[in-house]
Amino acid sequence: MKHSEFWQVLEETFGAGYGRSVAEDLVLSGAGGRTAVRALADGVPPRDVWDAVCDEMDLDEATRWRHRIDPKERPRGRGRP
């Protein structure tokens with residue numbers, strides 16, 4: 001996963017405003033107690049940060065793998081188990 005893919009699926013999942021808030025404010029235990037923004041800045045791979053977001057927000061597997069789907073075919077909105 002590239003950084004651009006991380007931001008794209010974050011926005012597709014949560015919307016632009018809320019997605020940015022999740023990235024800046026949500027502390028991710030799976031990213032060493034950092035926010036997504038801080039973890040990315042510290043060099044954590046975007047895929048690991050996305051997994052941490054999915055774990056923290058309890059997102060379903062389809063959402064976790066959303067970045068692997070052609071952008072034109074991706075569902076929009078937050079997934080749940």
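In this predicted model, the count of salt bridges comes to 6, and R47, D51, D55, E61 and R64 are linked in a network of such pairs. R47 is buried, with a relative accessible area of 14%.

R64 takes part in two of the pairings described here: with D55, the closest N and O atoms are 2.5 Å apart, and with E61 the corresponding separation is 3.2 Å. Because E61 and R64 are 3 residues apart in helix α5, about one helical turn separates them. R64, too, is buried, its relative accessible area being 11%. Side chains of opposite charge can pair when their charged atoms come close.

Helix α1, which runs over residues 3-14, spans 17 Å from its first C-alpha to its last, close to the 16 Å expected. Its buried residues are F6, V9, L10, E12, T13 and F14, and what covers them includes α2, α3, α4 and α5. After α1 comes G15, whose phi is positive, near 90 degrees.

The largest nonpolar core has 19 residues, among which L10, V49, W50 and V53 touch the most other members. Two or more residues come from each of α1, α2, α3 and α4, with α4 giving the most, 6 residues. Leaving aside residues up to four places away in sequence, V49 touches F6, L28, A36, A39, L40 and V44.

Note on methods: Residues are numbered from 1 along each chain as its sequence is written. This is a predicted model: local features need pLDDT of at least 70, side-chain atom pairs count only at pLDDT 80 or more; totals for chains, interfaces and linings use all residues. Side-chain values use heavy atoms; hydrogens and water are left out. Helices (H or I, at least four residues) and strands (E, at least two) are DSSP runs, numbered from the N terminus. The expected span of a helix is 1.5 Å times one less than its number of residues. Buried means under 20% relative accessible area, exposed over 50%, partly exposed in between (1.4 Å probe, protein chains only). Contact means heavy atoms within 4.5 Å. A nonpolar core is a set of buried Ala, Val, Leu, Ile, Met, Phe, Trp, Tyr and Cys residues joined through side-chain atoms within 4.5 Å. A salt bridge is a side-chain nitrogen of Lys or Arg within 4 Å of a carboxyl oxygen of Asp or Glu.
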